[in-house]
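Hello,

Here is the structure I promised to pass on. Please open it first, then read my notes on its charged residues below.

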Amino acid sequence: MKAKITIIIPIYNVEKYIRKCLNSIEKQSYKNFIVMAVDDGSPDNSKNIVQEFVERDSRFTLVEKENGGYGSVLEYGIKNIKTKYFLICDPDDWLEKDALEKLYNFAEKKKLDITVGDKYHVYLGRNMNKEYVKCVPKDLKIEPKRVYTKNIQYFAFSEVSPHAKLFRTAISKEISFPHKISYTDTILYIMSLANAKRVAYYNEALADYLIDRPGNTMTNVRESRLSNTIRVWDSLYDQLSHKNNVDVLWSFMYQEIRLILQLFKNVKIKTDNKLKYKKNIYKRILLLQKHRSNIDNCIFKSKNKLKSYSIIEQFFYFGFIHRITYKLFAEIYIKIKG
């Protein structure tokens with residue numbers, strides 16, 4: 001039977017965790033899938049572990065390439081997918097046994113472009129204890145298992161990580177990814193939403209995210225986290241600039257500027273680089289001001305808003321979006337939100 005789902009696994013220095021990931025996939029209740037494990041020039045023993053699965057299960061394949069970072073793996077994988085759907089499973093995470101079955105059956109029944117599931121946070125430091133995480137916050141007012149054909153872009157304010165998300169391959173084929181940086185899964189999700197026509201939230205935890213392992217990019221406090229996040233913002237800006245009717249996603253881009261300001265305060269930046277980063281952030285705020293009318297439509301004028309903006313959020317927005325006050329408000333935001 002022809003496979004319906006491709007599972008892309010980006011691999012780099014994960015030999016301690018990759019076997020658990022692959023075992024969880026091999027034991028899925030839904031069997032009609034293939035695995036594309038992409039070794040991104042990893043210097044450890046990860047690819048040899050993958051090779052064990054390749055030799056015993058024809059659904060598993062190993063691709064070896066020069067190191068290019070997470071984005072290069074997504075780019076290679078998505079361009080080479082032949083199946084109707086795909087899913088990203090990071091190699092230090094794993095899937096619940098019925099994850100593919102539930103995601104696939106629901107996507108097929110509802111004719112979805114993106115299916116957004118919940119996940120578990122798993123903590124090494126707490127003896128692998130699990131914490132249920134709803135990937136769609138309450139303030140979005142998104143109903144579980146309802147198909148959204150309007151207001152799809154409000155899903156951008158949910159969890160952007162690829163955990164328990166099933167994508168229709170066709171909507172993601174033309175997305176561009178920068179190389180040699182992390183956090184490019186944000187680009188995959190946001191640009192897929194820009195292309196999607198039918199999206200729904202599946203309110204069951206179907207993936208396990210090992211959140212506190214050493215080297216996890218989300219716990220990174222180095223300067224690289226800030227620089228990578230800025231490059232992701234730049235890539236999204238370039239791609240969204242060629243899209244129409246993405247008002248809500250410009251609002252998301254405004255939210256990402258606030259995240260960048262928080263990172264400026266919280267990561268370890270060399271003293272000599274601080275002024276350079278501030279100037280770079282200011283430039284991006286000015287770029288975003290060109291899209292004020294789009295953001296205004298989302299925050300103030302949308303008749304079918306799924307997200308509410310508090311008075312404080314609106315106050316900061318007016319400060320950021322004004323060509324005279326934006327630097328002052330950036331400084332204030334760093335001090336009180338960092």
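A residue counts as buried when its relative accessible area is under 20%. Keep in mind that this is a predicted model.

Start with Arg-59. Its relative accessibility is 17%, so Arg-59 counts as buried. Arg-59 meets Asp-57 in a salt bridge, 2.8 Å from N to O. Asp-57 is buried too, at 9% relative accessible area.

Salt bridges also form a network here. Shared partners join Glu-96, Lys-130 and Asp-208 into one. The count of salt bridges comes to 16.

Two of them link separate parts of the chain. One pairs Arg-19 with Glu-52, again at 2.8 Å, N to O. Arg-19 sits in helix 1 and Glu-52 in helix 2 (residues 46–56), so this pair ties together parts 33 residues apart in sequence. Arg-19 is partly exposed at 35%, and Glu-52 is partly exposed at 34%.

The other pairs Lys-65 with Asp-40, with the closest N and O atoms 2.6 Å apart. Lys-65 belongs to strand 3 (residues 60–65) and Asp-40 to strand 2, 25 residues apart. Lys-65 is partly exposed, at 21%. Asp-40 is buried, at 3%.

Now look at the surface. Where does positive charge gather in a patch? At Lys-20, Lys-27, Lys-31 and Lys-97. Lys-27 lies in the loop between helix 1 (18–26) and strand 2 (33–40). Its relative accessible area is 53%, so Lys-27 is exposed.

Best wishes

Key: Residues are numbered from 1 along each chain as its sequence is written. This is a predicted model: local features need pLDDT of at least 70, side-chain atom pairs count only at pLDDT 80 or more; totals for chains, interfaces and linings use all residues. Side-chain values use heavy atoms; hydrogens and water are left out. Patches are made of residues with over 30% relative accessible area and no salt bridge: like charges are joined within 9 Å, nonpolar side chains (Val, Leu, Ile, Met, Phe, Trp, Tyr) within 5 Å. Accessible areas come from the Shrake-Rupley method with a 1.4 Å probe; for residues, only the protein chains shown count as cover. A salt bridge is a side-chain nitrogen of Lys or Arg within 4 Å of a carboxyl oxygen of Asp or Glu. Lys and Arg count as positive and Asp and Glu as negative; His and the chain ends are not counted. The place of a charge is taken as NZ of Lys, CZ of Arg, CG of Asp or CD of Glu. Helices (H or I, at least four residues) and strands (E, at least two) are DSSP runs, numbered from the N terminus. Buried means under 20% relative accessible area, exposed over 50%, partly exposed in between (1.4 Å probe, protein chains only).
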